[in-house]
Amino acid sequence: MQEVQSIDQKIQNPILAPMSNNDHEQVVFCQDKATGLKAIIAIHNTVLGPALGGTRMWPYENEMEALKDVLRLSRGMTYKASISGLNLGGGKAVIIGDSRKIKSEALLRKFGRFVDSLSGKYITAEDVGMTTKDIEYMSMETDHVTGKPLHLGGSGDPSPVTAFGVYMGMKAAAKKAWGSDSLEGKAVTVQGVGHVGQYLVDYLAKEGALITISDIYEDRIKLVSGQHNVNVVAPEAIFDQAMDIYAPCALGATVNDETLNKLSCRVIAGAANNQLADEKIHGERVREMGIHYAPDFVINAGGLINCFSEIQGYSSEAAMAQAEDIYNTTMRIFDFAEANGLTNQVAAIQLAEKRIQEVAKINQSW
Ligand code: NAD
């Protein structure tokens, strides 16, 4: 008879290792050779409701990198929904591959079928490397999708609402740093002018911020610098710039040992998920450096708010009003962190977990 592995042995198993530090409910590996689909869906927590989180398409170096990313991202979604007062759980999906090379209708529809097999426990939406057209393909195979295009009765691209929420969170952080939430004359560096970064630049320009942008794609730089008076900096030189506010709007983990040795800002506030390479170490370090870090999952919740609104019967006004409230939520976290000697990240997680624990109590009986 085969010996049953102890928990310790299982944790040493390299495939399960990333799982051992997490509390996920379910992780699904999806593969379809005919379309070239390789994806992972991670459901972190469904106490508050079905797990909602976008699908990211990215050319991960290997499956382990993709797994680590989806586990981290789905946990962030649980906290994002909770801190935003939404009745949603946390989940996320990643498709392994370059969206500019291997994405096809068939691949996306096949992925939609995998989502459908979870019977609504996971609801997908747009993330990096995805467009509303891709969501449309997925919606041909499953109803458990949000952020659908307007012509299909959906709420369209959530990025403008995300950008508005990020802008609100940035203003709250500015208020903490400088005593005023005006961004006029503040030097703001936006890393990544994709869907969210582009709209964020619109708000910043309107308010008279001094904007610097960076992107790895020339077409994105051309588009945004054609619309606004901005400085452009090469991706590798971004942290050498003097700036008041760093707005990461590309990928995660850009607040790390290396960048913190260079960063000169007083505020970090952007859309990217998992900005702190190590939540504990770099959360603590930014606090010591006197940087006001607006926790990413708090201020980038606009897209989730918009998607939730679509599920309930879409109202753009209601979604924008709720995104505006991100200003107050961010302030509440800063105050809680200050009062309890916590980093802003830990304060935000504690408040998010508190709501989940409290709502879990009402689920104990009907
Ligand atoms: P996007 O793919 O449209 O934009 C990202 C941009 O960053 C791209 O233009 C890309 O070329 C650029 N980029 C990548 N690496 C870079 C680098 N090293 N330096 C400079 N630029 C770089 O994605 P998006 O929808 O704008 O999302 C941006 C971030 O915000 C992601 O981390 C995403 O998870 C997060 N987010 C997005 C939403 C949303 O509503 N779209 C909601 C919440 C969080």
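This is a predicted model: local features need pLDDT of at least 70, side-chain atom pairs count only at pLDDT 80 or more; totals for chains, interfaces and linings use all residues.
Residues are numbered from 1 along each chain as its sequence is written, and side-chain values use heavy atoms, with hydrogens and water left out.

A pocket here is an open set of points on a 1 Å grid over the protein atoms alone, where a 1.4 Å probe fits and protein lies on both sides within 12 Å along at least five of seven lines; lining residues have an atom within 4 Å of a point. The second largest pocket holds about 610 Å³ of space, a volume being the space filled by probe spheres set on the points, which are joined across faces, edges and corners. Its lining runs to 29 residues, with N22, L71, R72, R75 and E279 nearest the centre. By type, that lining splits into 11 nonpolar, 10 polar and eight charged residues (Ala, Val, Leu, Ile, Met, Phe, Trp, Tyr, Cys and Pro are nonpolar, Asp, Glu, Lys and Arg charged, and the others, Gly among them, polar). Helix α3 gives the largest share, nine residues. At least two residues each come from β2 (37-45), α3 (63-83), α11 (296-299) and α15 (344-362); helices (H or I, at least four residues) and strands (E, at least two) are DSSP runs numbered from the N terminus.

On to the rings: the structure holds four aromatic pairs, meaning Phe, Tyr or Trp rings (six-membered ring for Trp) with centres within 6.5 Å, called stacked under 30 degrees between planes, edge-to-face over 60 and tilted for the rest. Y79 and F297 make a tilted one, 5.8 Å centre to centre with 45 degrees between the planes. Since Y79 sits in helix α3 and F297 in helix α11, the pair ties together parts 218 residues apart in sequence. Both Y79 and F297 are buried (under 20% relative accessible area, with exposed over 50% and partly exposed in between, using a 1.4 Å probe and protein chains only).

Y167 and Y203 are stacked, because their ring centres are 4.9 Å apart and their planes at 15 degrees. This pair links helix α6 (residues 159-178) with helix α7 (residues 195-206), Y167 and Y203 being 36 residues apart. Y167 is buried at 10% relative accessible area, whereas Y203 is partly exposed at 22%.
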